[in-house]
Amino acid sequence: MGKPNLSFWQIWNLSFGFMGVQIGYSLQNGNTSRILEALGADVHSIGYFWLAAPLAGLVVQPIIGLSSDKTWTRLGRRIPFIFFGAIVSAMAMFFMPNAEYFAYLFPPLLFGAVMLLLMDTSFNVTMQPFRALVGDMVNDEQRNLGYSVQSALINFGAVFGSLLPWILAKMGMSNVPAAGEKVAQSVIWSFYIGGAILLGTVLWTVFRTKEYAPKEHAEYNNIDLNASDKKEKTSIFTLIGNAPKIFWQLGIVQFFSWFALFLMWVYTTRAIANQVWGPEALDAKSIGFNEAGDWTGVMFAFYSAVAALFSLLIPTIAKNIGRKKTYSFSLMMGGLGLISMFLVEDKNMLLLSISGVGLAWAAILAMPYAMLSGSLPAEKMGVYMGLFNATITIPQITAGLLGSTLIMLFGGNPMVIIVIAGVSMLIAGTAVFFVKEKIQQ
């Protein structure tokens, strides 16, 4: 007995909370470097602070995946983790931009780093079950649609989250820190608003989604509940060893994709500040640097908007030319877009460059999960999705460790790091052709 078709709005509700989580995640991506520099971090060492995020994901997501596979509550299987992760995420968002006010407890930079770790850990607790929830609920026929709708909602959230500081500044809120303060009010209030929306959208998913009960889940996935339960303890290492080939093939693509994205997130603000605003942006508290920070948000919002629209087209394109060609083309366009930023000194033209990243981002959020989920056992969907997150976190850890070395090798020019990110994305696009899908669609 197969899973029933879901209505479009049922599929929408599955991932609506992810939109709010992405608002918070985008605020983190667009403003963490800006906040940490204002708190005293140096551009050469800032990549090390960003390591908190992938390290948290590497440890947390497999644990959450394994736990949610075995959890059955009145709220459901995945939803309890989504709900409690969202609460902690919102609390961390309220505290991080106010790190300077907790100097009596910790040095502001240390407090900010701790809040970044807590925030990203809780984002990971929330995100992983959203991925598995779609895999649990949709059938093979609707898998492309399920993950594409999730990708679109993620990107709608990313547009709003990335633009929020810029919007508040345009509305008249201070864009530079007041005398004696370190972080601009537009950034602080962005985190307040983002945290509140995160909670609201997650509650929508919690109350509008009814997960399959254990009996239904077993029927839809051909699991015999009456069979003797061996209760063997399957280790993480055994699960990794038994992972399907496509897990590793997609892992290579993921490595070079996320290596590129991490470098872009960490170094874009300083790269465009130096290239477009020049000497007036050297000071992290200067108007020029804060304008560059706002424009980074605009750029990230723009690529997210491109990604949101492209996400809606992915199911049709993939049906006509196949997932692999769609995936590879998107990554190639992202790589070319990043490389082209090296030649651009006009901030508006940077939007054209970053649009290529939008195509890549849409595919990164949808295609690997659509390609992988059909090859995973239903009873281990959560833990394998959690383990697959290592293909996101390990490249980010690698990029964080190498970033400071790379920037010193190239004379402290962060724009060269963006070019390296582009080359990495091109390698990812090439690696897609070595992926062997179980089901061709």
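Start with the meeting of two helices: Phe 81, Ile 82, Gly 85, Ala 86, Val 88, Ser 89, Ala 92, Met 93 and Phe 95 in α4 touch Phe 111, Met 115, Leu 118, Met 119, Ser 122, Phe 123, Val 125, Thr 126, Pro 129, Phe 130 and Leu 133 in α5 (contact being heavy atoms within 4.5 Å). Sorted by type, the residues of this contact are 16 nonpolar, four polar and no charged; Ala, Val, Leu, Ile, Met, Phe, Trp, Tyr, Cys and Pro count as nonpolar, Asp, Glu, Lys and Arg as charged, and the others, Gly among them, as polar.

This is a predicted model, where local features need pLDDT of at least 70, side-chain atom pairs count only at pLDDT 80 or more, and totals for chains, interfaces and linings use all residues. Numbering runs from 1 along each chain as its sequence is written, and side-chain values use heavy atoms, with hydrogens and water left out.

Now for the geometry. The axes of α4 (residues 79-95) and α5 (residues 108-137) come within 8 Å and cross at roughly 155°, on a 0 to 180 degrees scale between N-to-C directions. The two are therefore roughly antiparallel to each other (over 145 degrees).

Zooming out, the protein has 16 helices and zero strands, as DSSP runs of at least four residues (H or I) and at least two (E) respectively. Its C-alpha atoms fill a box of roughly 70 × 45 × 40 Å along the principal axes. Of the 441 residues, 61% are buried, meaning under 20% relative accessible area with a 1.4 Å probe, protein chains only. And among contacts between residues at least 6 apart in sequence, 83% join residues at least 24 apart.

Technical notes: Parallel < 35°, antiparallel > 145°, perpendicular 65-115°, else oblique. Buried < 20%, exposed > 50% of the residue type's maximum accessible area, 1.4 Å probe, protein only.
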